[in-house]
Amino acid sequence: MSQSITIIGIDPGSRNTGWGVVREVSGVLQLVDCGVIRPPLDGEFASRLGVIFKEMHRLLGRLKPDEASVEQVFTAKNAATALKLGQARGAAIAACAAYDLPVRDYEPTVIKKSLVGVGRADKEQVSFMVGRVLGVKPDWAVDTGDALAAAICHLTHRRFERLVRLSGR
């Protein structure tokens, strides 16, 4: 019997929140679905957070992932930007919590290094490697590529942690 696990990767942002779902079946990764949540930029900031939460909640209900992998907040250009990014991240994580999904977070440099081999790779390099790993042509937004990379990074870390447990270390 083949075991499978489905991971949703999330690249949070108040303007664009990328998401991507990857399933691993017997060591083979498959793209399930991906996209970007783009809240309307007019109106109150709180309404953008509401859109992120509602859309993420809807996606989780439809796609039913087993776990979530979320990119950590990186150092932003200013405190206000970092705060908005953190709030968008919180809205996405709250949606995961509503489904009792285990959530792991990874620094952007860890995600990039696990896929590209370099922690400072640009978004286009990351998307290219995501496409190679999944065997598809990367025709998605860069935020989606980053979200898929977060999912793949988590699957890689899960495999490594399992091997360490099996080896008794």
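Asp11 lies in strand 1 (residues 4–11), where helices (H or I, at least four residues) and strands (E, at least two) are DSSP runs numbered from the N terminus. The model is a predicted one, in which local features need pLDDT of at least 70 and side-chain atom pairs count only at pLDDT 80 or more, while totals for chains, interfaces and linings use all residues. Residues are numbered from 1 along each chain as its sequence is written, and side-chain values use heavy atoms, with hydrogens and water left out.

Asp11 has a relative accessibility of 5% and counts as buried; buried means under 20% relative accessible area, exposed over 50%, and partly exposed in between (1.4 Å probe, protein chains only). Beyond residues up to four places away in sequence, Asp11 touches Asn16, Thr17, Gly18, Glu71, Lys123, Asp143, Asp146 and Ala147, a contact being heavy atoms within 4.5 Å.

UniProt lists Asp11 and Asp143 under "binding site" in an unreviewed entry. The two positions are spread over 133 residues of sequence but cluster in space, with a largest C-alpha distance of 6.2 Å. UniProt positions are given in the numbering used here, feature names are shortened, and annotations may be inferred rather than shown by experiment. Asp143 belongs to helix 5 (residues 142–167) and is buried, at 15% relative accessible area.

Contacts of Glu71, leaving aside neighbours within four places in sequence, include Asp11 and Asp146, together with Ile10, Pro12, Arg89, Tyr106, Pro108 and Ile111.

The protein as a whole contains five helices and five strands, arranged along the sequence as β-β-β-α-β-α-β-α-α-α. Its radius of gyration is 16 Å, close to the 15 Å that the globule rule gives for 169 residues, so the protein is as compact as a globular protein of that length. That radius is taken over C-alpha atoms, and the globule rule is 2.2 Å times the number of residues to the power 0.38. The C-alpha trace spans about 50 × 35 × 35 Å along its principal axes. Of the 169 residues, 41% are buried. Among contacts between residues at least 6 apart in sequence, 59% join residues at least 24 apart.
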